[in-house]
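Subject: Structure for you to look at

Hello,

Here is the structure I promised to pass on. Please open it first, then read my notes below.

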Amino acid sequence: MSILQEIITHKKAEVAERISLYPIKLLEQSLFFGGQTVSLKKYILRQDKSGIIAEFKKKSPSKGMINPYADVERTSIGYMQAGASALSVLTDKQYFGGSNEDLSTARKFNYCPILRKDFIIEEYQIVEAKAIGADAILLIAAVLSPQRLKELAAFAKSLHLEVLMEVHSLDELQQNLHPEVDLIGVNNRNLNTFVTDIAVSKELAPHIPQEFVKVSESGISNPATLLELQAFGFEGFLIGESFMQHSRPEQAAARFIHEFQQLQQKKRGDTAPGTHA
Ligand SMILES: O=C(O)c1ccccc1NCC(=O)[C@H](O)[C@H](O)COP(=O)(O)O
């Protein structure tokens, strides 16, 4: 059984238990449930931001423990002060050490789009995402049929949540170009082998229709890589581990974003009229 299959098997049991403990009627009473959402799409496209979706991730199947005692309040505020466009918060406990409380804490302290990073297979989890304060959800093409992905995306839109659809191959992309999806994320990590390769983003980029915001996900550890990805039309960059592996992830993000901005300035200078590239 691959790790992805194992995660989904575990998730099915977890969701069934949550449905019995916290029925939808209860989730709908949450203060966040009736609140307005913030558009991930719009924030990623904002010129005054970096395009980075900074992730709060304490552990992962590929790396094991990354930063088990990280503080979500300090990290999320610091990420946004550093110039991130949005936050991604892992809510899966078993494999990523996350929790719904982490996301709600990030929500309380930040006005910005927050992506619920989890393995969504049921409508219940989408209602839960809204109830804990998320603005967007992730749908992974590798674990859903195209029909099911479309249904879940439509359901998310009915709750005013945006949808980031994640693909790792051309087949997954071409089978899931649903109008209900807002952003397409190319995961550079093969979720079976854990190998990350930015070439996956570059290969799939020309096949992503213009109407979708393009996000490159995973394995990004160098600011210069963002310039390379921008040249392929990527506007968003999901980065977790390279920030979270530092004792103060928000400081690592600030250094990364500062260096990225300097590279962007240099590129603009190099290509300005009358200068030599
Ligand atoms: O990160 C993993 O090991 C992993 C394993 C199995 C399924 C999903 C996994 N990661 C989820 C992600 O998509 C990443 O957390 C996200 O793209 C950020 O990646 P990174 O910057 O490499 O932490």
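The largest nonpolar core has 71 residues. Ala84, Leu87, Leu115, Ile137, Leu139 and Phe237 have the most contacts inside it. Keep in mind that this is a predicted model.

Take Leu115 as an example from that core. Set aside its neighbours within four places in sequence. Leucine 115 is then in contact with Leu40, Ile53, Ala86, Leu87, Ser88, Ala134, Ala136, Leu138 and Leu164. Leu87 is also on the list of residues with the most contacts inside the core.

Now find asparagine 176. It sits in the loop between helix H8 (170–174) and strand E8 (183–187). Is asparagine 176 buried or exposed? It counts as buried, because it has 21 C-beta neighbours inside 10 Å and the cut-off is 20 or more. Beyond its neighbours within four places in sequence, asparagine 176 is in contact with Ala141, Pro146, Leu149, Met165 and Val167. Glutamate 166 is ten residues away from asparagine 176 along the chain, and their C-alpha atoms are 9.7 Å apart.

Last, the record. An unreviewed UniProt entry lists residues 4–253 as "domain: Indole-3-glycerol phosphate synthase". Over that stretch the chain is 40% helix and 17% strand. Its end C-alpha atoms are 28 Å apart.

Best wishes

Terms used: Residues numbered from 1 in each chain as written. Predicted model: local features only at pLDDT ≥ 70, side-chain atom pairs only at ≥ 80, totals over all residues. Core = buried A, V, L, I, M, F, W, Y, C linked by C-beta atoms within 7 Å. Buried ≥ 20, exposed ≤ 12 C-beta atoms within 10 Å, placed from the backbone. Contact = placed C-beta atoms within 7 Å. Helix = DSSP H or I, 4+ residues; strand = E, 2+ residues; numbered from the N terminus. UniProt positions renumbered as here; feature names shortened; annotations may be inferred.
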